[in-house]
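This briefing goes through selected features of one structure, grouped by topic. The sequence and the coordinates come first.

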Amino acid sequence: MENSTRKLSNGLIELKIHVAAAFFKTVTDFKRLRAHSSCEIHVPPRAVFNQEPYIRIKGKTSDVVNEVKRQIDFEILNARRTLKSDYFYGVVLCGEIREKFVTFRREVLAAQIPGIGEDLFRSDTHLHISFGICVLADEIEKQKAITLLQSCGEFVRDMKMPFKIHAKGLSFKGDSPSAVRTLRAGIDCPDLVKFADRCTKRFNDSGLGNPRFSSNQVTLHVGLMDGGHSDGGRWSFTNTFDAREILRRWGDYDFGTMDCSEAKLCVIISSTSKEYYKVYSTVQLATCDTCFIKWLFLFGVNSEIDLGLLSRKLRELFLSAAQLPRHRMIALVVSLIESKYVNGENDLNLTPFYDTSSDNC
C-alpha cells in the first residue's frame, strides 16, 4: 500500500506512511521525544505493527505533517545505516570478461607467488559491477526497490545501447600494495558510469540506498580477489594479502569487453561465500527507439507515444506507419531490426513497404 493523505472530518490532515517493522523502535522513540509536538503520531502496538507496518501523522496543515514525516525519514535513514546491507544493484559480467578472468586466475596461480592461493579469487560466475547497496527491511521495501530498478530503464534514453563495457587494469583497496583487502579491475564505459550515477541518485533519494555510494562519485570496478577469504575460509574484513607481484606482472591486464543491456537487483546470500548473491530482479535496458520497434511489432502504433523521445528517422516513420496494413508493418519492423536501422547504422529504403497498390486488405 502506498502512503496516503486525507482530510479528516475535524479538519486535521492525516498522513499514513509505511515503516518497516525493523524501525519500530525508531518511530516509538521519535514519538516519545516529540510528545508535545503540534502533530499527533499514532504508532500501533508491536503485534499489530508487525502485521500492518504503518503509522499515522495528524496535524493542522500539510506542511506541518510533511515536516514531521521528513524528520521521521531522517531518523529511519540513520537507523538503516546501522543495519547490514543485504542487496546491491548493478550489472553481472559474463562473456569475454569472465573468460579472461579465468585465464588471469590460471596465470597468477601458475606463477606460484607466495601467499597467493585459489581461495583469494572470486567465483568467475559471480563477477559483477555494483552501482550501490541497499537495506530492504520487508516485502514492501523489496517491491519498492524492484519498482525503482524498473524505473531506471528510462535513464538510457540518451545513450547508445547496449553498453560496451571494457575491463582493464588492476587497482586495489587497502592500505598498501602489500596489504590489499580487494584487488579489482577498472571499468571503462562512460555511458555506464552515467547510468550508474542516475540509478544511485534515485535509490538514495528513495531512502533505500546507502549514501556511502553517492551519485556523481561513482567509480565502477569489478572485484577479482578478496583478502577476506584468506584465513582458512573464515571471512574477515581485516585479512589482507600481498599483491605487489601481481600488480607488477599483470597491472595492465586487459579483461576484454562485453555488451550489456540489463541491470539487476541482487540479494546477498552470504558474505562468507564466494558465490554470495543471487539475482532478485532484472530490468531490460533499451533506447526508446528500440522499445518503439519492439512495441510496434507486437501491438501496432500507439498515438499517445511521446514522439520527442524518438530519433528523427523513427519519428518520421511513426507518423506514417499508421497507414500501413498490419502485414506490411510487421515486414517493415523485421527489416528495421535486420538492418540495424534502430541504431542509425544503416539507411533503409522504405518505399516498398509503403507501396500498397498491390494489397487487397
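Which residues of α3 are buried? In this predicted model, they are Val65, Val68, Ile72, Ile76, Ala79 and Arg80. Seen down the axis of α3, these buried residues fall within an arc of 120°, so they line one face of the helix.

**Helix α3**

- Helix α3 covers residues 62–81, which makes 20 residues.
- From first C-alpha to last, α3 reaches 28 Å, close to the 28 Å expected at 1.5 Å a residue.
- The cover over the buried residues of α3 includes the strands β2 (13–18), β3 (40–42) and β4 (54–59).
- That cover also includes the helices α1 (24–33) and α5 (139–151).

**Helix α1**

- Phe24, Thr26, Val27 and Phe30 are the buried residues listed for α1. They cover an arc of only 165° around the axis, which puts them on the same side of α1.
- On the face of α1 turned away from this buried side sit the exposed residues Lys25, Arg32 and Leu33.
- The buried residues of α1 pack against β3, α2 (46–51), β4 and α3.
- Lys25 and Asp29 are four residues apart in α1, about one turn of the helix. An α-helix has 3.6 residues a turn, so residues three or four places apart point the same way.
- Lys25 is exposed because its relative accessible area, 55%, is over the 50% cut-off. Asp29, at 24%, is partly exposed.

**Ser38, between α1 and β3**

- Ser38 lies in the loop that connects α1 and β3.
- With 61% relative accessibility, Ser38 counts as exposed.
- Leaving aside residues up to four places away in sequence, Ser38 touches Lys58 and Val64.
- Ser38 and Lys58 are 20 residues apart along the chain, and their C-alpha atoms are separated by 8.9 Å.

**The sheet β9-β8-β7-β10**

- Four strands, in the order β9-β8-β7-β10, form an open sheet with antiparallel pairing.
- β9 and β10 (254–260) are at the edges and have a single partner strand each, so one side of each is left without a neighbour in the sheet.
- From one strand to the next, the twist averages 35°.
- Helix α6 (residues 190–206) packs on the sheet and touches β7 and β8, with its direction at about 70° to that of β7.
- Helix α4 (residues 95–110) lies across β7, β8, β9 and β10, and runs at about 160° to β10.
- Strands β7 (residues 163–176) and β8 (residues 179–188) run antiparallel and are joined by nine bridges.
- A hairpin through two residues connects β7 to β8. Ser176 has Ala179 in β8 as its bridge partner.
- On β8, five bridges make the antiparallel pairing with strand β9 (residues 221–226). Arg184 stands opposite Gly223 in β9.

**Salt bridges**

- How many salt bridges does a search of the whole structure find? The search finds 22.
- One of them joins the side chains of Glu245 and Arg248, at 2.5 Å from N to O.
- Glu245 and Arg248 both lie in helix α7 (residues 244–250), three residues apart, which is about one turn of the helix.
- Glu245 is partly exposed, with a relative accessible area of 24%, whereas Arg248 is exposed at 60%.
- The side chains of Glu262 and Lys264 also meet in a salt bridge, at 2.9 Å from N to O.
- Glu262 is partly exposed at 25% relative accessible area. Lys264 is buried because its value, 12%, is under the 20% cut-off.

Note on methods: Residues numbered from 1 in each chain as written. Predicted model: local features only at pLDDT ≥ 70, side-chain atom pairs only at ≥ 80, totals over all residues. Heavy atoms only, no water. Expected span 1.5 Å × (residues − 1). Buried < 20%, exposed > 50% of the residue type's maximum accessible area, 1.4 Å probe, protein only. Arc of directions from axis to C-beta. Contact = heavy atoms within 4.5 Å. Pairing = 2+ DSSP bridges. Axes fitted to C-alpha atoms, helices over the stretch in contact; angles between N-to-C directions. Salt bridge = Lys/Arg side-chain N within 4 Å of Asp/Glu carboxyl O.
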